[in-house]
Amino acid sequence: MKTYKIALIKGDGIGPEIIDEAVKVLDAVASCCNIEFSYEEALMGGCAYDITGDPLPQETINISLNSDAVLFGAIGGQKWDNLPREKRPESGLLRFRKELGVYANLRPVVVYDELINASSLKPEVVKGVNLMVVRELIGGIYFGEPKGRDENRGWNTMVYTRDEIVRIAHQAFKIAMTRSKRVCSVDKANVLDVSQLWRDVVTEVSKEYPEIELSHMYVDNAAMQLIRDPKQFDVMLTGNIFGDILSDEASMLSGSIGLLPSASVGAKIGVYEPIHGSAPDIAGQGIANPIATIASASMMLRYALGENEAADKIDAAIKRALKEGYRTKDLAQFDAKEVCSTSEMGSIIANYAAK
Ligand code: NAD
């Protein structure tokens, strides 16, 4: 039997509730796939600041680097919004990604047939959507220097180096080779110099993947096309801020932000997390949708641990729960047979996954 060490970072808001459900499901598949997990919890975000004075204690980095993968909930909340920037939960998260070198954020967007009516778009527009946003995660305007503000001006710098673009482009092309071999690179090359470099380098790297069909699109057009005809996209390659915005937009194709998982990968340990935040408005009420986090655990099994059978079981269990009409509150108005709590949804999926 194989044992995997998983670092659990529950974080703030709904983070602890949704991670507990993902763990429940992981343990359920472990027993039937001849694997086991040992978990070590680590603090990050507002809860870490409250206890240690630092939103990202060094111990959290050590525990993460000493594990096979990190399963992450979400951080942040109003309580910490007025702290100095470096003490805020979000700064801890950015630092964490940088420390772990997770430069590629993979965000699959799949529209479940069972939730076709949950999308704000027409069923014929979203039926069959299956795309992957590959977002650069540790460069671009969120990290560029100089940055700062005074009374009258605020400034940030969008900067990418050739090496940063090369590695994320390879990541996107490799993923596309396992899918339908189409990559659309999204930039703003008509206005931004940094985007012109991005476009040139992506085109150069594409020469190493002759089977890939590469296209380029300006980000404003991409935002429109995602709503007009999302099925035209397979792999969407983009930088940090554009990917952040486009993947939240794409999440609404599926009906709820509570459905979408992500994987952040790089040279070292990968971080698997839902794309949503800590949802302080619903924390502690038992109504958060745990599916994005459970699906992130499935991505962890597939990408970090190579446990495809267990991942397949989780994916099938999520589909089955939705097909049978189980819904958390965010999706309650869409063909619900039964509206369930966060914990009930976790148990239903765990039960199906164990079969
Ligand atoms: P959010 O994603 O937390 O919430 C946006 C809306 O979606 C809210 O109405 C929320 O109730 C709903 N929602 C989110 N997840 C849900 C789920 N699983 N089930 C049902 N509904 C869900 O975004 P926000 O409100 O802009 O940010 C809240 C806090 O989260 C902020 O402090 C922000 O900085 C932080 N944040 C953290 C991360 C992260 O940890 N990776 C990402 C984004 C935002």
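How many residues surround the ligand, and which are the closest? In this predicted model, the ligand is surrounded by 21 residues. The closest of these are Glu 90, Gly 277, Ala 279, Asp 281 and Asn 289. Sorted by class, the shell around the ligand comprises ten nonpolar, seven polar and four charged residues. Two elements of secondary structure, strand S3 (69-74) and helix H4 (89-100), each contribute at least two residues to this shell.

A nitrogen atom of the ligand lies 3.4 Å from a polar side-chain atom of Glu 273. For His 276, a polar side-chain atom is found 3.2 Å from a nitrogen atom of the ligand.

The next topic is the division of the chain. Domain 1 consists of two segments, 1-103 and 262-355, while domain 2 spans 120-254. Their C-alpha centres are separated by 24 Å. Where the domains meet, ten residues of domain 1 are in contact with 13 residues of domain 2. The size of an interface is often expressed as the accessible area lost when the parts come together. Between domain 1 and domain 2, about 1100 Å² is buried, with 67% of it on carbon and sulfur atoms. On the side of domain 1, Lys 98, Tyr 103 and Ile 275 account for 56% of the area buried against domain 2, more than any other three residues.

Pro 146 belongs to the loop that runs between strand S5 (130-136) and strand S6 (148-149). Another concerns Lys 181, a residue other than glycine whose phi is positive, near 65°. Lys 181 is located in the loop between helix H6 (162-177) and strand S8 (182-187).

How values were computed. Residues numbered from 1 in each chain as written. Predicted model: local features only at pLDDT ≥ 70, side-chain atom pairs only at ≥ 80, totals over all residues. Heavy atoms only, no water. Near = heavy atom within 4 Å. Polar contact = N/O pair within 3.5 Å; in protein donor to acceptor, adjacent residues only side chain to side chain. Helix = DSSP H or I, 4+ residues; strand = E, 2+ residues; numbered from the N terminus. Nonpolar A, V, L, I, M, F, W, Y, C, P; charged D, E, K, R; others polar. Domains from an automatic or database assignment. Contact = heavy atoms within 4.5 Å. Buried area = accessible area lost by both parts, 1.4 Å probe.
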